[in-house]
Amino acid sequence: MAANTHLFGDKETNNWFKACIGLNVTKEGLTNFLCAELQKVHIVVGNSCGNCPIENLIQCPTNPYCNIRKRNYCPFHKSQKPQPCPICDNVKHNIILHHRYGRPSWRNTRAEKWALNYWEIGKCYLPPDGYSSISSVQESDFNGVISIMLNCLHFQTCLSPLCLSPPPPDKQCPLEKVRQIGRDVRHTSDCKVTDADLQDYFKKLSTLLADPPCLQQDPSAIIACKRLSDLQNDPVSFEELGKLLKDAKKAGECFSEKAERTLAEALQTLDVTTLFGEQRLKKKTEVGKQRLQSKTKLGEHRLERKTTFCEQRLQSKTKYGEQCLENKAFFGEQRLQRKTQHGEERIKSKAQYGEQRIEIRINKAVQCLDSNVNDGTQRIEISVQHGIESIERIARGSKQNCTSRLRTRGSRFSPSFGETLQ
Ligand SMILES: [Zn+2]
Ligand SMILES: [Zn+2]
């Protein structure tokens with residue numbers, strides 16, 4: 001939402017809202033940095049076993065968790081008794097060593113998640129109570145984020161010496177002063193901030209966001225710095241105010257009564273304004289719709305015109321194509337006919353020539369056969385003649401022979417026989 005407004009006629013109340021938003025913006029600008037650094041702390045404190053809940057790792061009784069007066073009943077250890085674990089005790093020891101005051105907020109943390117979740121380590125450096133259900137840096141509030149940076153000694157290595165000197169809990173420590181801004185704004189009795197105070201707040205917050213060497217180069221911190229300077233000069237925006245009110249509700253931050261009332265009123269005003277905005281939006285939407293419709297109609301007309309034109313071109317092209325195709329087909333047919341005719345003629349002449357050659361061959365063969373037959377017949381006749389003559393000769397020869405032999409034999413038996421034969 002781009003609309004900005006002076007929601008309240010009172011300048012100082014507006015300043016108070018700006019201060020609230022400024023704290024939120026700063027917290028968001030610090031989130032990336034905090035996550036990155038807590039991951040380093042997570043590595044430094046070492047790995048836990050992953051099974052021990054925090055109750056196992058705390059002796060009973062331990063102040064302020066256990067009820068020292070009632071010896072036989074401890075509300076902290078009612079479900080889990082103390083049970084030493086060398087691995088987790090080592091991590092716990094390292095967490096204590098990293099705590100500026102040696103008093104980690106054990107009630108906030110779930111030790112069984114230490115191994116996997118750096119935020120469960122980070123929660124040990126939060127204020128003692130009220131953060132156990134906060135599951136990430138992003139969900140945490142401004143006070144929580146600054147408290148971790150103050151309480152965890154690791155941040156001495158990544159914040160400038162100037163930011164932490166004099167060291168906490170000295171009220172003159174710049175980071176302590178930043179935390180104090182949060183407290184002053186939340187616990188206000190009148191929800192008013194003077195121009196001078198607002199300027200001072202924003203200067204301190206901007207200085208922290210531009211702290212060398214780390215934050216100075218952190219993209220989120222750079223963006224936050226820019227937003228702070230815009231916020232200082234521009235009216236409060238709906239968007240940021242809405243976000244502030246939503247975040248304030250979610251984080252359950254501890255506000256003064258007056259602050260809570262002012263926030264609730266702002267929420268109402270915002271609702272009314274939002275309603276007004278919605279009406280304007282509706283009107284705009286209606287206008288937009290109409291414009292869209294008329295544009296759509298115009299577009300449709302143009303599209304139709306174009307379509308018609310394209311169709312006509314397509315038709316004429318198709319017609320031309322068809323003619324071309326017909327011409328080609330006609331020529332093709334003629335050529336085919338010519339070729340066919342030519343082919344037929346060639347086949348016919350070839351066939352004729354073939355037939356003639358076959359006839360000639362047949363005639364030759366027949367003549368050859370005839371002469372062969374004649375020749376054969378003559379030869380057979382001659383052979384037969386020869387045969388007959390030869391048979392006759394043999395027959396004559398053998399008759400004479402036979403007769404003479406019979407004569408000889410017959411004269412041996414009866415002289416008349418020889419005569420009979422003759
Ligand atoms: Zn106990
Ligand atoms: Zn363990």
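Is C191 buried or exposed? C191 is buried, with a relative accessible area of 1%. The legends below refer to a predicted model.

**Close-up 1. C191 in the loop between α6 and α7.** The backbone at C191 has a positive phi of about 55°. This residue is not a glycine, yet its phi is positive. C191 counts as buried because its relative accessible area, 1%, falls under 20%.

**Close-up 2. The cis peptide bond between S165 and P166.** Omega for this bond is about 0°. P166 sits in the loop between α5 and α6. Helix α5 covers residues 142-151, and α6 covers 174-186.

**Close-up 3. The cis peptide bond between P168 and P169.** Here both partners are prolines, and omega is about 10°. P169 belongs to the loop between α5 and α6. P166 is also placed in the loop between these two helices.

**Close-up 4. A nonpolar patch on the surface.** Three residues make up the patch: I358, I362 and V366. Together they have about 260 Å² of accessible area. I362 is part of helix α10, which spans residues 257-413. The relative accessible area of I362 is 47%.

Key. Residues numbered from 1 in each chain as written. Chains lettered and ligands numbered in written order. Predicted model: local features only at pLDDT ≥ 70, side-chain atom pairs only at ≥ 80, totals over all residues. Heavy atoms only, no water. Patch = residues over 30% accessible without salt bridge, like charges linked within 9 Å, V, L, I, M, F, W, Y side chains within 5 Å. Areas by Shrake-Rupley, 256 points an atom, 1.4 Å probe, with all protein chains shown as cover. Salt bridge = Lys/Arg side-chain N within 4 Å of Asp/Glu carboxyl O. Helix = DSSP H or I, 4+ residues; strand = E, 2+ residues; numbered from the N terminus. Buried < 20%, exposed > 50% of the residue type's maximum accessible area, 1.4 Å probe, protein only.
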